[in-house]
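Dear colleague,

I am passing the structure on to you below, and my notes on what was found in it follow.

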Amino acid sequence: MISTARLDLVPLRVDHAAEMAEVLADPALHTFTGGALLTPEALRARYERLTAGSPDPSTRWLNWVITLRDENRLTGTVQATITDHVAEVAWVVGIPWQGRGIAREAAQGLVTWLRTQPVHTVIAHVHPDHHASAAVASAAGLTPTSEVQDGEVRWLLHQPLQ
């Protein structure tokens, strides 16, 4: 578990699927990322795959649910996929909890934790029109590059290996 001032990032479990289906139930979450809403059953199947881990032994899939301690409520997820000392990170916070700094705090907590791991580069991909997500990436210490992949700007943080 990773803890911040208001949040606990709890390792993803399959039994989080029902509550997370409610958290992720707003179609507006897919405005910049694409995809579709998942039923609790489909989300459960996805979480079963994620918690089983990557089929590639050189890649680690790390996924957490974001718990807002004061409300004892799941509010979103953060993830890191680590390959060859490079971590690709992502975050999503449900619409009812957006605008409260939760994504920023969760992403900062994740990147702070990654600094304790054998990771030398942290990458995020952010849609160029998703200003809130760009602000989260910036707050977590990443800077935008001129690279665009699948329509998203690549953000980077380089750090020395621990």
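Does Thr 75 count as buried or exposed? Thr 75 is buried, because its relative accessibility is 0%, where buried means under 20% relative accessible area, exposed over 50% and partly exposed in between, with a 1.4 Å probe and protein chains only. Please keep in mind that this is a predicted model, in which local features need pLDDT of at least 70 and side-chain atom pairs count only at pLDDT 80 or more, while totals for chains, interfaces and linings use all residues. Residues are numbered from 1 along each chain as its sequence is written, and side-chain values use heavy atoms, with hydrogens and water left out.

Thr 75 sits in strand 4 (residues 73–83), strands being DSSP runs of E with at least two residues and helices runs of H or I with at least four, numbered from the N terminus. Leaving aside residues up to four places away in sequence, Thr 75 touches Val 23, Ile 66, Leu 68, Val 92, Val 93, Gly 94, Trp 97 and Ile 102, a contact being heavy atoms within 4.5 Å.

There is one aromatic pair, counted when the ring centres of Phe, Tyr or Trp (its six-membered ring) lie within 6.5 Å, with planes under 30 degrees apart called stacked, over 60 edge-to-face and the rest tilted. Trp 64 and Trp 113 form this edge-to-face pair, at 5.5 Å centre to centre and 75° between the planes. The pair links strand 3 (residues 59–68), which holds Trp 64, to helix 3 (residues 102–114), which holds Trp 113, 49 residues apart. Trp 64 is buried at 7%, whereas Trp 113 is partly exposed at 24%.

Best wishes
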